[in-house]
Amino acid sequence: MSLIKTITAEITPPLTHISNLSFKNGVFPEKMKIAKIRPIYKGGEKWNFTNYRPISILPQLSKILEKLFMNRLDKFIEDNNILHEGQYGFRKGRSTAMAIIDITENIREALEKKLFVFGIFLDLKKAFDTINHDILEQKLQNYGIKYNALKWIKSYMTNRRQYVDFEEHTSKCQTIQCGVPQGSILGPKLFILYINDIFKVSHSLKLTLFADDTTILCTGKDIKTLIESTNEELSKIQTWLDVNKLALNVSKTKLINFGKRKKTGDIRLKLNMELIEQVKEYRVLGVWMDDKLTWKKHIQIVKNKVAKSSYILWKLQQILHTKSLKTIYSSLIASHLNYCSEIWGNNYNILNHYLNYKKKL
């Protein structure tokens, strides 16, 4: 990208011409559809391919073309109010913190009304990689995306190819049959358009999404009735997933029974004929949420990370300038203290610890 910035003046006229032709004819250039996949080693046994994270590298010029199209698509989506309010991912002015606040406020509001509250956290299998192109095209038409715009998106999605580049080895190019392009600008937006109609599946379940991270809240006065009605609604969710060719990892899907009431017995909720495991705590968008909303586990994790980073910072203070130390503090300490602190940081005891820690720095 640095090279492109250097020669911006020279490439702007031809790139503008190519972009205009692309949008006018509804064709995405074939040479811009090739992705280089580079496996990044995560840890563990090196011979096991599951210990590598595939990183997709796309042509830089393709991202410029995607960005130009995205600007038009975003305006169309906002003008026509297409995306549901419960979707927080890949939208301007929205964040993970806002999604967690939405979930937390709904839980607390229900508990204040003396209702039972179930939280179900869905885990989808490779959701971005399994998007069906034909179904996506039909949904885009239903949203009013037609003619050259639809033709351009179809051209963008089809006949995409990729190859693996690992050390001195390079594989043959293979055609991708489904999914949205990893590492692309437009891919995430197409994904949230694809799953947007999941909100229409049930009127009694409260869904909050950040891209494919899906949280379902179910509330009711009587726990037995709530279990029965929730299972009925979950069967609708499963049907929607099947129709849209999305797979659910039930073993990683979890259930939390929120509140401080006495033990209510087994809560048997099922998806795809499998029992959902009930847990006391679950990591939601990077924050550990527990059944009583005390945030104890998350706070302990933050505390441990800050303690380790503080020791590193203390060791570095004799060899680095103040500016460098501030940069390290921002990345290793402040980032953990600030992330979603408006949610877990309102605990009185934690607030006192935080203020005392700030005074010591």
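Strand β2 gives the most to the lining of the largest pocket, with four residues. The model is predicted. Within it, the largest pocket holds about 990 Å³ of space. Other elements that give two or more residues to this lining are α4 (96–112), β3 (116–122), β7 (206–210), β8 (213–220) and β13 (281–284); β2 itself spans 52–57. In total, 37 residues line the pocket. Nearest its centre lie Arg53, Lys126, Ala127, Phe128 and Asp212. By residue class, the pocket lining divides into 19 nonpolar, eight polar and 10 charged residues.

The volume of the largest cavity is about 40 Å³. Its lining consists of Leu124, Ile195, Ile198, Leu209, Ala211, Asp212, Thr214, Trp240, Leu241 and Leu246. Eight of these lining residues are nonpolar, one is polar and one is charged.

The surface carries a nonpolar patch formed by Tyr311, Ile312, Trp314 and Leu332. Together these residues have about 420 Å² of accessible area. Helix α9 (residues 296–316) gives the most to the patch, with three residues. Leu332 is found in helix α10 (residues 322–338). The relative accessible area of Leu332 is 32%, so this residue is partly exposed.

Terms used: Residues are numbered from 1 along each chain as its sequence is written. This is a predicted model: local features need pLDDT of at least 70, side-chain atom pairs count only at pLDDT 80 or more; totals for chains, interfaces and linings use all residues. Side-chain values use heavy atoms; hydrogens and water are left out. On a 1 Å grid over the protein atoms alone, a cavity is a set of points where a 1.4 Å probe fits but cannot get out, and a pocket is an open set with protein on both sides within 12 Å along at least five of seven lines; lining residues have an atom within 4 Å of a point. Grid points are joined across faces, edges and corners, and a volume is the space filled by probe spheres set on the points. Ala, Val, Leu, Ile, Met, Phe, Trp, Tyr, Cys and Pro count as nonpolar, Asp, Glu, Lys and Arg as charged, and the others, Gly among them, as polar. Patches are made of residues with over 30% relative accessible area and no salt bridge: like charges are joined within 9 Å, nonpolar side chains (Val, Leu, Ile, Met, Phe, Trp, Tyr) within 5 Å. Accessible areas come from the Shrake-Rupley method with a 1.4 Å probe; for residues, only the protein chains shown count as cover. A salt bridge is a side-chain nitrogen of Lys or Arg within 4 Å of a carboxyl oxygen of Asp or Glu. Buried means under 20% relative accessible area, exposed over 50%, partly exposed in between (1.4 Å probe, protein chains only).
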